Amino acid sequence: MSLAKTEMRDISLAFHVGAPNTDNGQLTWSLRKDAQPLLERGVMIRRPGTYMSALNQLLRKQDHEFVTEQEREVLLAGLVKDQAVSRIILTNSSFLGVPGWMLSGGRLFRNAGRNTAGLRGLFPGNPCEFFLGLRNPATLIGPVFKSQSGRSWKQFSSDTDFLKLRWSEVVEDILDRNPACRITVWCNEETPVIWPSILGHVTGLGEGFRFSGELDITRGIISEAGYERLETYLASRPGLSEDQRERVRALFLSYFHDEEEIEEEIDLPGWSQALVDDMSEAYMADAELIRQMPGVTFLS
């Protein structure tokens with residue numbers, strides 16, 4: 001398949017770059033529930049297993065030598081698969097960097113700018129956007145460390161000053177290396193309430209589409225009885241605006257949340273409750289800083 005250059009330029013790329021241990025692949029599976037109706041609107045969601053090998057191969061080549069226009073065209077054509085597409089969503093939590101090395105150099109994902117610029121460089125003629133779910137480093141570091149086995153805690157933590165970890169540095173790095181690309185950011189802690197808004201921004205459809213997977217995140221942290229009541233309540237009120245539906249989800253979560261699902265146990269060498277509290281406070285202040293950054297759409 002060969003795409004005309006005008007067609008190639010008309011396709012936008014939405015890169016969901018992480019963070020690791022936030023949605024754990026749920027973005028793909030929630031959107032794939034509506035794969036056909038989304039495709040009818042020109043939006044394609046691909047499973048990472050269908051494209052990561054080809055993408056990584058070209059990224060490696062791009063690091064060392066010139067990538068031709070024809071090679072880029074072949075990659076894009078392989079993603080499109082003869083479909084009439086105006087937007088492709090690609091998601092992988094390692095786009096920011098290898099999670100096991102997320103503290104290399106004592107900062108969060110120090111190669112985030114370079115790695116996202118590499119992705120952008122594969123599609124220089126296409127509009128590109130980046131999407132990033134943040135997570136409190138106090139609750140993120142433990143799961144990421146435990147998910148890898150190749151590095152000891154000393155190697156993984158890399159003598160990091162945990163109180164100085166800032167997502168704002170990651171966001172700024174991405175913006176600096178990709179000046180023509182917008183970035184949309186949200187806090188993972190708010191995902192159950194704003195999940196439909198996240199799906200709407202990633203697809204570019206905004207509030208004009210009702211997603212079948214809008215309650216997927218909520219379902220994992222709410223009691224079964226609470227979920228059934230929430231589902232029935234929303235189904236009986238189809239005229240509610242998204243703002244109203246968001247308030248309903250928040251209300252039901254406050255009443256019916258599953259304490260075991262939302263409680264996070266933190267057990268890392270040398271860590272104390274005081275450190276966790278201070279890291280959490282720094283994270284909230286950092287999120288407010290990101291909210292004010294030019295070029296950032298902050299969902300909350």
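Which residues of helix α6 (residues 112–121) are buried? Ala112, Gly113, Thr116, Gly118, Leu119 and Arg120 are buried in this helix, where buried means under 20% relative accessible area, exposed over 50% and partly exposed in between, with a 1.4 Å probe and protein chains only. Helices (H or I, at least four residues) and strands (E, at least two) are DSSP runs, numbered from the N terminus. The elements that cover the buried residues of α6 include β1 (12–18), α4 (52–64), β4 (128–134) and α9 (167–177), contact being defined as heavy atoms within 4.5 Å.

The structure is a predicted model, in which local features need pLDDT of at least 70 and side-chain atom pairs count only at pLDDT 80 or more, while totals for chains, interfaces and linings use all residues. Residues are numbered from 1 along each chain as its sequence is written, and side-chain values use heavy atoms, with hydrogens and water left out.

An open sheet of six strands is present, with the order β2-β3-β1-β4-β5-β6 and parallel pairing. Its edge strands, β2 (43–45) and β6 (296–299), each pair on one side only. On average, neighbouring strands of the sheet are turned by 20° against each other, direction ignored. Two strands are taken to pair if DSSP finds at least two bridges between them. Strand β1 is joined to β3 by five bridges, and the two run parallel; the bridge partner of Ser12 in β3 is Arg87. Five bridges also join β1 to β4, again in parallel, with Ala14 opposite Glu129 in β4. Glu129 in turn stands opposite Arg182 in β5, and the parallel pairing of β4 with β5 (residues 182–187) extends over six bridges. Seven of the seven residues of β1 are buried, so this strand is largely enclosed by the rest of the structure. Helix α15 (residues 273–291) lies across β4, β5 and β6 and runs at about 130° to β6. Axes are lines fitted to C-alpha atoms, for helices over the stretch in contact, and angles run from 0 to 180 degrees between N-to-C directions.

A nonpolar core is a set of buried Ala, Val, Leu, Ile, Met, Phe, Trp, Tyr and Cys residues joined through side-chain atoms within 4.5 Å. The largest such core has 63 residues, and those with the most contacts inside it are Phe15, Leu55, Phe123, Leu132, Ile141 and Trp167. Helix α15 supplies the largest share of this core, six residues. A second, separate core of 18 residues includes Leu27, Leu31, Ile89 and Trp186. When residues up to four places away in sequence are not counted, Phe123 touches Leu13, Phe15, Leu55, Leu75, Leu76, Leu79 and Cys128.

Across the whole structure, 13 aromatic pairs are found. Rings of Phe, Tyr and Trp (its six-membered ring) pair if their centres lie within 6.5 Å; planes under 30 degrees apart count as stacked, over 60 as edge-to-face and the rest as tilted. The ring centres of Phe15 and Phe95 are 6.1 Å apart and the planes stand at 90°, so this pair is edge-to-face. The pair links distant parts of the chain, 80 residues apart, with Phe15 in strand β1 and Phe95 in the loop between β3 (87–91) and α6. Both partners are buried: Phe15 has a relative accessible area of 0%, and Phe95 has 5% relative accessibility. One aromatic cluster is formed by Phe145, Trp153, Phe156, Phe162 and Trp271.

Charged groups also lie over rings, the criterion being NZ of Lys or CZ of Arg within 6 Å of the ring centre and within 35 degrees of the ring normal. Arg151 lies over the face of Trp101 at 3.6 Å from the ring centre, and the charged end of Arg237 sits over the ring of Tyr233, 3.7 Å from its centre.

Asn21, located in the loop between β1 and α2, has a positive phi near 55° although it is a residue other than glycine; Asn21 is partly exposed, with a relative accessible area of 24%.
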